[in-house]
Amino acid sequence: MNNILQQIAKIKDQPFRDNLAQVIVNASSAIKDSDLPFLISEFSEFYKSQLSGDIFPSIIRISTDSRTENDKAVTHVPRIVIIGDIHSDFNALSLILNKLAASQYDYFAGAYIIFCGDYTDRGRRPFETMRLLYALKTAMGERCILLKGNHELIRYSCMMLRPTFLPADTSELMNRKLSPEVNNLYFSYLSRLPYLVSLDHCGTKYLITHGSIPRHDYAPHYNEDKLVECLLPLSDHSREGIMLNQMLWGDPGDASSSFRGTELRFEFSKAEFNEFMDRHGYDILIRGHQPVDSGVMFCYNNRLISLFSSGGHNNPDSCYPDDVSSPAFVILNEDGEVLFEKVF
Ligand SMILES: [Mn+2]
């Protein structure tokens with residue numbers, strides 16, 4: 001088994017897309033028991049490299065209109081790729097990256113790629129999916145943003161919201177074969193994944209997150225400037241901590257829904273949504289979390305866009321062959337257009 005991260009380190013001065021086919025082959029190589037030491041060392045190498053900084057923001061602010069690099073104004077506006085839930089669907093992730101690689105535009109060198117969370121659980125190939133994501137993150141650095149989903153880490157986000165409910169944790173399910181040291185690094189890494197991206201792109205302000213606006217009881221406390229100062233991992237049960245974890249769980253829906261209240265999953269109404277968006281100056285919310293048939297769903301006068309990037313009837317890696325017939329993702333181009341791309 002090849003260590004993908006060492007491979008990436010060697011090829012870093014070549015375009016990632018030229019090597020993508022090989023990276024995908026290596027990431028998908030069957031993981032046998034004899035390969036586990038390599039996998040453990042690769043994952044721990046990745047986690048250590050990612051944890052070596054000391055600032056882990058809960059929200060990442062990106063403005064593509066006024067970017068400066070080395071004090072020089074950057075004149076070209078980068079594209080933004082936004083990808084919904086993957087849920088161990090290695091097949092879908094490979095197809096998305098291959099699609100990007102086939103474009104004339106060099107996404108891996110020039111764009112931001114933002115994932116909306118939920119990378120593992122449910123589907124067939126969690127380890128392979130993680131290896132490919134980690135390779136991409138290693139190659140792209142800060143321009144690849146892995147947002148946190150409710151499945152990273154599911155027990156942690158449940159504990160924040162409903163302390164008596166303890167599902168089996170992703171890290172236990174995933175890492176049962178890995179060492180305690182890697183388990184700890186994995187937990188440290190996932191607990192530092194950001195929750196939100198606030199994006200100014202071509203005059204439109206997007207909020208990008210896994211699930212939702214905060215639940216009705218916390219929404220009045222939302223303050224982007226305050227969240228910028230809120231570094232991860234969160235201190236347990238701070239107001240911001242609870243609010244950010246709520247944002248991993250909600251869905252748009254009818255305010256009279258039985259979900260309303262203090263359940264983990266909750267629904268928010270159009271009126272609540274519009275009030276929140278207007279108050280904070282967001283034009284559009286892009287989120288994952290909810291399996292939607294065509295991979296994309298528009299709600300609330302197209303101001304809320306749901307994405308789901310795993311699925312397809314003939315896709316054995318997906319847990320959603322019937323719920324999501326045609327998984328999709330989004331590209332915001334340099335002219336501010338929102339392009340919907342099919343995974344298949
Ligand atoms: Mn989810």
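Author: Helices α1 and α2 are roughly antiparallel to each other, a label given to angles over 145 degrees. The model is a predicted one, in which local features need pLDDT of at least 70 and side-chain atom pairs count only at pLDDT 80 or more, while totals for chains, interfaces and linings use all residues. Residues are numbered from 1 along each chain as its sequence is written.

Helix α1 covers residues 4-11 and helix α2 residues 16-28; they pack at an angle of about 165°, with their axes 10 Å apart. Helices are DSSP runs of H or I with at least four residues, and strands are runs of E with at least two, numbered from the N terminus. Axes are lines fitted to C-alpha atoms, for helices over the stretch in contact, and angles run from 0 to 180 degrees between N-to-C directions.

The crossing of α1 and α2 is right-handed, that is, the near helix is turned clockwise from the far one by less than a right angle. On the α1 side, Ile-4, Gln-7 and Ile-11 take part, and they meet Asn-19, Val-23, Asn-26 and Ala-27 of α2; contact requires C-beta atoms, placed from the backbone, to lie within 7 Å. By class, this contact has four nonpolar, three polar and no charged residues. Here Ala, Val, Leu, Ile, Met, Phe, Trp, Tyr, Cys and Pro count as nonpolar, Asp, Glu, Lys and Arg as charged, and the others, Gly among them, as polar.

Elsewhere, helix α6 (residues 126-140) lies across β5 and β6 and runs at about 135° to β6.

Definitions and conventions:
Two residues are in contact if their C-beta atoms, placed from the backbone, lie within 7 Å. Angles under 35 degrees count as roughly parallel, over 145 as roughly antiparallel, 65 to 115 as roughly perpendicular and the rest as oblique.
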